[in-house]
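I opened the model to go through a few points in turn. The entries below follow the order in which I looked them up.

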Amino acid sequence: MSDIDSSSPRRRIAKTLPLPDCVALVLQGGGALGSFQAGVFEALAQAEVEIDWVAGISIGAVNAAIIAGNPPERRVERLRAFWELLTSGLPSFPIFPDERLREFLHEWSAGAVIAQGVPGFFRPRVLPPTFASPGSCEALSFYDSTPLKDTLDSLIDWDLANEGPIRLSVGAVEVRTGNFRYFDSRTDRIDARHIMASGALPPGLPPVDIDGVMYWDGGLVSNTPLTHVMEHQDAAMLVFQVDLFSATAESPRTMMDVMNREKEIRYSSRTRQVTNEQLKLRQEREAIRRVLAKLPKALCEDPDVVALKAQAAELPVALVHLIHRANAWEGGSRDFEFSQRTMREHWQAGRDGIERTLAQSQVVAANIVDGRTAAFDLTRR
C-alpha cells in the first residue's frame, strides 16, 4: 500500500502534489541570500503546500522562526517586512546591462554594510574589540546584534512558534565544546536568543548566552539541518531543502571568483555530504530489508533478526533540492550585500525555483505515492 492512501483521513493534496503526513522545509545559512528562501516559501504557500516542520541554520533559522511564529495568512507578509527592513539602508539600484558595473555596485553595497551595518540586524560597535574588556561581547565581535532581538520580537509570536502547528528546529554550536546543538520546539522553549545564536557568525557577531552556555552560528559545523530532520523523522516525509550556495560552478577566472568559489565550497560541501550520507544509509537499510525478507520463517523470530529488522526499518522521504545559483556579478561578498534590488531578485529566483519544480511535480508525486525514497533537483539548467 502506498503512503498516500486515498482512504486515509490524513491524505492531503496541494495544487500540484499529493502530500505525505509531514512536509519539511530545510533552510541553509547564507546571510543576505536568505531572501531566496522567502521567495521559495511564498511560492509554496501559493501552491497550497502546507509546511509541517521548518528547520534552519543562521539566516535560515530567522526565516524559519518567522514562518512558524505567524498564522498562515501573515507568514509571507512578515517575511517581506523583515527583508524590507534589512535592505532599507541601501538604495534599489537600477539594472545595468554591464556585468562588471553591476559587480562594482554589488561590492560597493557590501562595503556600505561593513561600514554602517544592517537596519534591524546589526550595527558597528563604537569602539574596536581591542579596547573592550576581555570576555565581554564587545571584545568578541565587531558588530552589535541586539537590534535583531527587537526585530524578531516584533515579527514573531513566540507562543505560536513553540505551540503552533509548525514544528521549529534551529541549530547552533557551543563555543566552549564545539558541539553542535539543535533547539527544537518539541523539546525546548525557543525565543529570540536561540535564533540569534544560530546566526551568531564570528568574528562579526557576538556569541549568545542561553542559560549560561555561549553559542555561535550553526554553520560553523554544518550549514544544513537536514541530518536533524531525517534522523527524527516519524512519518512519510517530503523535504524541500533550500540551499543558498551551489556545490558546483565554473572554475575561477579572477580573484573575486576565487573568493566566491571558496565560500561556495565551504558552505555547500557539508550539505552535499549530509545528503549523500543520508541517502547511502537508506540504500543500505533497504538492502538489509531485502535480505531479511528472504530468510526462512524459522529464523524470523530470532532475537538478532528481530533487532536487525528494527534497525533497518525506516519511512520514505522525497528530498527536493532548491539551490540558489549565483549570477555572474555576485562575488564573495554576496552573503552580506543587503541592497533592495538584489534582495528582490533573490526573492523572485526562489519563486521561480518552486515554479519550475512544481511544473515537473509528477516526478516527485510518483515517488510519494509509491512510498519510495529519492532525491530531486528539478531546477538545474
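Entry 1, helix H2 against helix H3. Which residues in H2 meet which residues in H3? I found Ile59, Val62, Asn63, Ile66 and Ile67 on the H2 side, and Arg75, Arg78, Leu79, Phe82 and Trp83 on the H3 side. Contact here means heavy atoms within 4.5 Å. By class, I noted seven nonpolar, one polar and two charged residues in the contact of H2 with H3. In this scheme Ala, Val, Leu, Ile, Met, Phe, Trp, Tyr, Cys and Pro are nonpolar, Asp, Glu, Lys and Arg are charged, and the others, Gly among them, are polar.

Before going on I recorded the ground rules. This is a predicted model, in which local features need pLDDT of at least 70 and side-chain atom pairs count only at pLDDT 80 or more, while totals for chains, interfaces and linings use all residues. Residues are numbered from 1 along each chain as its sequence is written, and side-chain values use heavy atoms, with hydrogens and water left out. Helices (H or I, at least four residues) and strands (E, at least two) are DSSP runs numbered from the N terminus.

Entry 2, geometry of that pair. Two packed helices are described by the angle between their axes and the distance between the axes. For H2 and H3 (residues 75–86) I read an angle of about 140° and axes 9 Å apart. H2 is therefore oblique to H3. The axes are lines fitted to C-alpha atoms, for helices over the stretch in contact, and angles run from 0 to 180 degrees between N-to-C directions. Under 35 degrees counts as roughly parallel, over 145 as roughly antiparallel, 65 to 115 as roughly perpendicular, and the rest as oblique.

Buried means under 20% relative accessible area, exposed over 50%, and partly exposed in between (1.4 Å probe, protein chains only). Among the buried residues I listed Gly60, Ala61, Asn63 and Ala68.

I found Pro72 in the loop between H2 and H3. Pro72 counts as exposed, at 57% relative accessibility.

Which residues does the UniProt annotation "active site" cover? The unreviewed entry gives Ser58 and Asp217. They span 160 residues in sequence, yet no two of their C-alpha atoms are more than 6.1 Å apart, so they gather at one spot. UniProt positions are given in the numbering used here, feature names are shortened, and annotations may be inferred rather than shown by experiment.

I placed Ser58 in the loop between strand E4 (53–57) and helix H2 (59–68). Ser58 is buried, at 13% relative accessibility. Leaving aside neighbours within four places in sequence, Ser58 is in contact with Gly29, Ser198, Gly199 and Asp217.

Asp217 lies in strand E10 (residues 213–217) and is buried, at 3% relative accessibility. With neighbours within four places in sequence left aside, the contacts of Asp217 include Ile57, Ser58, Val173 and Leu201.

I read the axes of H1 (residues 35–46) and H11 (residues 340–358) as coming within 6 Å and crossing at roughly 40°. H1 and H11 are therefore oblique to each other. Their crossing is right-handed. The residues of this contact divide into nine nonpolar, five polar and two charged.

Most residues other than glycine have a negative phi, and most peptide bonds are trans. I noted a cis peptide bond joining Pro202 and Pro203, with omega about 0°. Glu48, in the loop between H1 and E4, has a positive phi of about 65°. Asp211, in the loop between E9 and E10, has a positive phi near 55°. Glu48 is partly exposed at 49% relative accessibility, and Asp211 is exposed at 66%.

How values were computed: A crossing is left-handed if the near helix is turned anticlockwise from the far one by less than a right angle, and right-handed if clockwise.
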